[in-house]
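Biologist: I would like to learn how the words used for a model are tied to values. Could you take me through some of them, one term at a time?

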Amino acid sequence: MAQAEIGVIGLAVMGANLALNIAEKGFPVAVYNRTAETTARFHANAGELAGRVTPCATLAEFVAAIRPPRPVIIMVKAGDPVDQQIALLRPLLSAGDIIIDAGNANFRDTIRRFAELDGSGLTFIGMGVSGGEEGARHGPSIMVGGAAQSYARVEKVLTAIAAKYRGEACSAWLGPGGAGHFVKTVHNGIEYADMQMIAEIYGLLRDGLGFGAKEIGSIFGCWNEGRLNSYLIEITAAVLAAGDARTGRPMVDVILDRAGQKGTGRWAVIEAQMMGVPATAIEAAVAARSLSAMKDEREGAEALYGANSLRLDAGDRTKFVGELELALLAGKVAAYAQGFAVMATASKEFSWNLPMATIARIWRAGCIIRSQFLDTIASAFQSPAQPANLLVAPQFVTLMKEAHGPLRHVVSRSTLAGAPVPALAAALAYFDSYRQGRGTANLIQAQRDFFGAHGFEREGEPGTFHGPWGNPPSA
Ligand code: NBP
C-alpha cells in the first residue's frame, strides 16, 4: 500500500470516525491507539475502507507508515494524555513533521505546546473539531491554528473531510498559535447559550402553557422551517418527538433534569472575564448547568419556599407562541454578539487577526451550532465596515427592532410567574445596557471617588477630577 497521507492516534469515538472519513475521501491513513486491540478491532470493522487503513501496533510502525513531512493527528482524551502522547511520539519524528492536536484542548495548553516544540524542528497545529461523532465521520467543522505552512501540508485532506455548505468546505486556517482552539472554545460557549435558551423556551411551553412534549416538538419543528432554522432546533424537535421504549412516555419526560458542564463552556466564560468582555448569556448558560446539577438542593429549596405556579398569563396563546419564537431569535443574536465580541478582543490581545467572516462561514455546516443564521453573520462581517458588535450590524438591527419587544414580554411574564429564564434575561439585559447611551456608571464613579479618591471624568471635558463631596448642589 502507498504510504499514508496522514496518521491518526486515538481510536475512540472521534479518532475512529475521523480516520474513516479520511479513508473514505481517498487518502491512505495510518492509525494507532495506545491499547493495540482497539487498533486491530478498528481495522477489522473498517469494511471496504480497510484497504486504505494501515493499522499500527507500535508508534515506530505508525511513524514509518506516513509520508514525510508527516502530519499526525492526536485525538486522545484532552489534557495530560496529549502531553504524554507527544512525549512518546517526539523522538520518532523528523524535522518538518507536524503534530496536530485535534481534541478539545484549552488554548493556553496549545500555546504552551507550541512553545515546548519551538526549536525542535517539529511543528504543531491546534485544531478544533466540532460536530461530534456524526461530524467526525461525515464532515466536521474544522478550526485550525498554527503556522500557515503546516496547514498547507494538510489543507487538502482537511478540506476533503470537512462539512460542506453549498459546496464550500467548513475548514479554515484561522491564525497562529492557539487561534483554532480558542475559536472552538467560543463555539462551545455559544453552543451552551443556544441550548440553554432553547431549554428555557421549552420550559415556558411545558410549564407556562401546559403543552406536552409532542406539541412542543411540533412547535420547534415549525420554527425550524423559519428564521430559527438550525441543527439544534431540528434535533430539539426530534428529541421531543421520541418515546421511551420502557414506559411509552415521551423520552424527555423520563430524563433527569441534571446536566453537567465540561471544560469548554466554562473556559469561554473565564477568558471573556479575563479580557473584560461581557458574555453574560454564555455565563448564564454555564451557571444554569451548574445549578441543574444541584438537584437535591433545588428540591430542598422548593420544599422551603413552595413551588411557583409557573403558569403564564399568556393571553392569546398563538400570539404568545409567536413571541417565544422571536424572543429566542433575539436572545440568540445577543449570545452570538457576545461570542464574536470575545473573539474580536482575543484576536487583538493575542495578535491572531482572526477572520470573523470565515469563522461564521465554517460554522455554517458540520458543527453543533450550524444554521442559516451564521450565513447572515458571515455577511455582516464581510462588509468593509466591520461592525463593532453584531447588535449594530445592519443585518441585525432590523431583526432586533422587531424581536426585542417580544423578548422583553417573554422575560417579564416568565419572571412574574417565577419561571427562570437566566440566559434569555441576560441577553435582554445585555441588549438594553448596550443600547443605553447614558447609563448609571456615573454613580459608581462618584462612589469610587468618595471612598478611594479614584477620580472621575466630567461630561464633555477632558482630564481627571475629584469631589468635594460635602457641598450640596447650588443649581
Ligand atoms: P476520549 O476523550 O474518550 O479519549 C479516549 C482516547 O484517549 C482513547 O483512544 C484512549 O486510548 C486515549 N488515551 C487516554 Br484515555 N489516555 C491516553 C494516554 N495517556 N496516552 C495515549 N492515549 C490515551 O475520546 P473521544 O471522545 O474520541 O474524544 C477525543 C477528543 O476529541 C477529546 O479531546 C474530546 O474532548 C474531543 N471531542 C470529542 C467530541 C465527542 O463528541 N466525543 C466532540 C468534539 C471533540 P485507550 O483506548 O488506550 O484507552
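Biologist: How do the residues of the lining of the second largest pocket divide into nonpolar, polar and charged?

Modeller: They divide into eight nonpolar, five polar and four charged residues, where Ala, Val, Leu, Ile, Met, Phe, Trp, Tyr, Cys and Pro count as nonpolar, Asp, Glu, Lys and Arg as charged, and the others, Gly among them, as polar. Before we go on, please note that this is a predicted model, in which local features need pLDDT of at least 70, side-chain atom pairs count only at pLDDT 80 or more, and totals for chains, interfaces and linings use all residues. Residues are numbered from 1 along each chain as its sequence is written, and side-chain values use heavy atoms, with hydrogens and water left out.

Biologist: Which residues of that lining lie nearest the centre of the second largest pocket?

Modeller: Of its 17 lining residues, Asn442, Phe456, Glu457, Arg458 and Glu459 lie nearest the centre. The elements giving two or more residues to this lining are helix 19 (441-452) and strand 11 (456-458), and helix 19 provides the largest share, four residues.

Biologist: Why is Ser130 called buried?

Modeller: Ser130 has a relative accessibility of 3%, and buried means under 20% relative accessible area, exposed over 50%, and partly exposed in between (1.4 Å probe, protein chains only). Ser130 therefore counts as buried. Ser130 lies in strand 6 (residues 123-130).

Biologist: Why is Glu61 called partly exposed, and why is Asn353 called exposed?

Modeller: Glu61, which lies in helix 3 (residues 59-64), has a relative accessible area of 40%, so Glu61 is partly exposed. Asn353 reaches 68% relative accessibility, and therefore counts as exposed; Asn353 lies in the loop between helix 14 (317-349) and helix 15 (356-362).

Biologist: What makes the pair of side chains of Ser130 and His187 a polar contact?

Modeller: The distance given for these two side chains is 3.4 Å. A polar contact is a pair of N or O atoms within 3.5 Å; within protein, one must be able to donate a hydrogen and the other to accept it, and residues adjacent in sequence count only if both atoms are side-chain atoms. The side chains of Ser130 and His187 are counted as making such a contact.

Biologist: Which distances to the ligand do the polar backbone atoms of Asn104 and Val13 have?

Modeller: A polar backbone atom of Asn104 is 2.9 Å from an oxygen atom of the ligand, while for Val13 the value is 3.4 Å. For Val76, a backbone N or O atom lies 3.5 Å from an oxygen atom of the ligand. Taken alone, the ligand exposes 910 Å², of which the protein buries 74%, and accessible areas come from the Shrake-Rupley method with a 1.4 Å probe, where for residues only the protein chains shown count as cover.

Biologist: Which residues does a cis peptide bond join?

Modeller: The cis peptide bond joins Pro68 and Pro69, with omega about -10°. Pro69 lies in the loop between helix 3 and strand 4 (71-74); helices (H or I, at least four residues) and strands (E, at least two) are DSSP runs, numbered from the N terminus.

Technical notes: 1 Å grid on protein atoms, 1.4 Å probe; cavity = no way out; pocket = protein on both sides within 12 Å on 5 of 7 lines; lining within 4 Å.
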